[in-house]
Amino acid sequence: MFDTNIFQKLRKFINNRLLKTPGVDFLKKNKDINDRKKHINFWINKAKKKKSFQKYFFSRIDNDNCQINFNLEDNQNFLISQEMFHSLSNNGLLILENILPEKERYLIIEFFEELKSRNYTKNRWLKEPNNPNFFDQVDEILGETKIKHFKKLNYLSNQLTKEIYGKVVEPTVQFRFLNQLDSQEEKQVKGATYLHTDRFLPHFKIYYSPFEITVKDAPLEYMISSHKINDNFINYYLNARNFDETDRLFNNFKQKKKIICVPQNTLYVALTNGFHRRTVFKGTGSRSLLFLQFVQRFNKLDYLL
Ligand SMILES: [Fe+2]
């Protein structure tokens, strides 16, 4: 029924346990500032050697480059322009509206319908979708599949990985349907609904929403340009305890925050070594969001070799 084989399981194990790009685990275990310094400097020096990372993560912020939203209605070739890439590098966020052809959007909606009805088509899902239990009050169902089902989305993802990582990287593709049945406002959850960073090394995610996302649908919030790895950024990691907005040095980040409400058929990219969070549900509501991530296939070896 589900499209998983032993080889995929083994690869996932090796990628997750042995080769994963460092996150904040080492820093959580080592509070000594000199140990942290050595660790952070080692990995950041490796990252600096990549030309594409220089542009996206180590260059200075240009306050005049602030257009984040682009409408691709007339863009029939699905090419991401240099102007859009510059905007992403500068702001850490890029929003592309009217991105996919209707046929592909409908196919994505069909996948979400399967999640909601728990009625799965053979060979569409890598394993049986489940609730990863990240949230206390919100029901989530997460299904993983292959990018091969979505041609244009794959083409866009390839352009982004080539540009940011310097090579095409296959994404893990996760459909996540969130459903809040409680009419009360959701309480905040660490690592998700507090502003936090995913890691101190270059990192990014692609999100696609087939439907409109409003403030009621727990949209992502992102602190503009907080992904730039500079002295302020490194100093924060040397001293942080919680790696979120509750750390004292978070107050040194003064940039604007943006809540990402989007029309239907929008793709957005966020450089998530910068500060971000899912905003909380204010009452009942739901959200269908597709996530493309690369941490499984762009890993330690890409930094070390
Ligand atoms: Fe995150």
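Reader: Which residues of helix H5 (residues 82–91) are buried?
Author: In H5 the buried residues are Met-84, Ser-87, Leu-88, Ser-89, Asn-90 and Asn-91. A residue is buried if 20 or more other C-beta atoms lie within 10 Å of its own, exposed if 12 or fewer, and partly exposed in between, with C-beta atoms placed from the backbone. Helices (H or I, at least four residues) and strands (E, at least two) are DSSP runs, numbered from the N terminus.

Reader: Before going on, where does the model come from, and how are residues numbered?
Author: This is a predicted model, in which local features need pLDDT of at least 70 and side-chain atom pairs count only at pLDDT 80 or more, while totals for chains, interfaces and linings use all residues. Residues are numbered from 1 along each chain as its sequence is written.

Reader: Back to the helix. What do the buried residues of H5 pack against?
Author: They pack against helix H4 (51–58), strand E1 (69–71), strand E2 (93–97) and E8. Contact here has a cut-off: the C-beta atoms of two residues, placed from the backbone, lie within 7 Å.

Reader: And what comes just after H5?
Author: Gly-92, with a positive phi of about 80°.

Reader: Which sheet has E1, E2 and E8 in it?
Author: An open sheet of seven strands, in the order E1-E2-E8-E5-E10-E4-E3, with mixed pairing. Two strands count as paired if DSSP finds at least two bridges between them.

Reader: Is strand E5 (residues 205–209) mostly covered or mostly open?
Author: Mostly covered, as four of its five residues are buried. E5 runs antiparallel to strand E8 (residues 266–270), and five bridges join the two. Tyr-207 has Tyr-268 in E8 as its bridge partner.

Reader: How many bridges does E5 have with strand E10 (residues 285–293)?
Author: Three, in the antiparallel sense. Tyr-208 stands opposite Leu-290 there. E10 also pairs with strand E4 (residues 172–180), antiparallel, over nine bridges. In that pair, Gln-180 has Gly-285 as its partner.

Reader: What sits in the loop between E5 and E6?
Author: Pro-210 is found there. Pro-210 counts as buried because it has 20 C-beta neighbours inside 10 Å. Setting aside residues up to four places away in sequence, Pro-210 touches Arg-105, Ile-108, Ile-109, Gln-264, Asn-265 and Ser-288. Ile-99 is 111 residues from Pro-210 in sequence, yet their C-alpha atoms are 9.8 Å apart.

Reader: Then where does E6 go?
Author: Into an open sheet of three strands, E7-E6-E9, with antiparallel pairing. Strand E7 (257–259) and strand E9 (276–278) stand at the edges, each with a single partner strand, so one side of each has no neighbour in the sheet. Neighbouring strands here are turned by 15° against each other on average, direction ignored.

Reader: Which residues face each other in it?
Author: Between strand E6 (residues 220–223) and E9 there are three bridges. Leu-220 stands opposite Arg-278, and Tyr-222 opposite His-276. E6 and E7 also pair over three bridges, where Met-223 has Lys-257 as its partner.

Reader: New topic. Which residues touch the most other members of the largest nonpolar core?
Author: Leu-94, Leu-267, Tyr-268, Val-269 and Ala-270, in a core of 59 residues. Such a core is a set of buried Ala, Val, Leu, Ile, Met, Phe, Trp, Tyr and Cys residues joined through C-beta atoms within 7 Å. Beyond its neighbours within four places in sequence, Leu-94 has contacts that include Met-84, Leu-88 and Tyr-268.

Reader: And the whole protein chain?
Author: It has nine helices and 10 strands. Buried residues make up 34% of its 305 residues. The C-alpha trace spans about 55 × 40 × 40 Å along its principal axes.

How values were computed: Axes are lines fitted to C-alpha atoms, for helices over the stretch in contact, and angles run from 0 to 180 degrees between N-to-C directions.
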